[in-house]
Amino acid sequence: MIEATKDMNVDELLHGDVEAKKIVLKLLKAVLDLSDPYKAVINSVKLEGDILKVRDKSFPIKNKVYVLGFGKASCSMAKALEDLMIDKIEEGLVVTKYGYSLPLEKIKVIEAGHPIPDKNSLKGALEGVELAKKVDKDDLLIVLISGGGSALFTLPENGISLEDKIKTNELLLKSGAKIHEINTVRKHISKVKGGKLTKLVKGTLVGLIISDVVGDNLEVIASGPTVKDPTTFRDAYMILKLYDLWDSIPE
């Protein structure tokens, strides 16, 4: 019998060509193990004294370490960081989907709406911005990003209400637009997406990002809050025109 997780209904599946199915189940389990957010952080991040190592990069810890996360996997990623370096963490915040939270010691958890943002998405983003502003020049901010981050970490630009943002999200999701097109619009009505979060940080920012998009484009995942935005306002306008949304979205 293959080793399996408690959620895998192995006995129900092992009939017919049993040997072939055993191979498929082993492959499936291996993929699930590699996709586990907790294990992804544990396998990629190491702490050696006052040096944080992320794969082949090293970041000296000179002063305080802050953690900011948003996405459906952010609690699992934060749990891994606490297990690796809890004594080094000064303060933290993660925003995740309702029902996806985990008990954390030093990192605060806020549950919010996904795929449609809600008041807690706004609350999480406001608190996240305040946390980012605390990061001084000798401090380190570790940003944990995963799928769902666009909705869960929502802070509209001046003059745009949360209700406007919610309606725009709903229209985009129903339009048939691709995720990179949806995120192009989201970035241009947001104060934190499209690399804008990075501008708030005076110290060193380290991003740990789990991709949920084809091609793993960093500027698309959670609308790229830590990555320079290659798209323009005209791109956003053309997408809204393409999907016949220009006259439907809030003014």
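What is the length of the polar contact that joins the side chains of T231 and D229? Figure 1 gives the answer. The structure is a predicted model, in which local features need pLDDT of at least 70 and side-chain atom pairs count only at pLDDT 80 or more, while totals for chains, interfaces and linings use all residues. Residues are numbered from 1 along each chain as its sequence is written, and side-chain values use heavy atoms, with hydrogens and water left out.

Figure 1. Helices (H or I, at least four residues) and strands (E, at least two) are DSSP runs, numbered from the N terminus. The side chains of T231 and D229 are joined by a polar contact of 2.7 Å. A polar contact is a pair of N or O atoms within 3.5 Å; within protein, one must be able to donate a hydrogen and the other to accept it, and residues adjacent in sequence count only if both atoms are side-chain atoms. T231 has a relative accessible area of 19% and is therefore buried (buried means under 20% relative accessible area, exposed over 50%, partly exposed in between; 1.4 Å probe, protein chains only). With neighbours within four places in sequence left aside, T231 is in contact with T184, K187 and H188, where contact means heavy atoms within 4.5 Å.

**Figure 2. I182 in helix α8 (residues 179–187).** I182 counts as buried because its relative accessibility is 4%. Outside the four places in sequence on either side, I182 is in contact with L172, L173 and A177. The C-alpha atoms of I182 and T168 are 9.6 Å apart in space, and the two residues are 14 apart in sequence.

**Figure 3. Packing of α8 and α9.** Two packed helices are described by the angle between their axes and the distance between the axes. The axes of α8 and α9 cross at roughly 125° and come within 9 Å. Axes are lines fitted to C-alpha atoms, for helices over the stretch in contact, and angles run from 0 to 180 degrees between N-to-C directions. α8 and α9 are therefore oblique to each other (angles under 35 degrees count as roughly parallel, over 145 as roughly antiparallel, 65 to 115 as roughly perpendicular and the rest as oblique). E181, T184 and V185 of α8 meet D235, A236, I239, L240 and L242 of α9 in this contact.

**Figure 4. Packing of helix α3 (residues 37–44) and helix α4 (residues 74–85).** The angle between α3 and α4 is about 40°, and their axes are 7 Å apart. Therefore α3 is oblique to α4. On the α3 side the contact is made by P37, Y38, V41 and I42, and on the α4 side by S76, M77, K79, A80, L81, D83 and L84.

Figure 5. R55 is in the loop between β2 (51–54) and β3 (57–60) and is exposed, with a relative accessible area of 69%. D216 is placed in the loop between β8 and α9 and is partly exposed at a relative accessible area of 48%.
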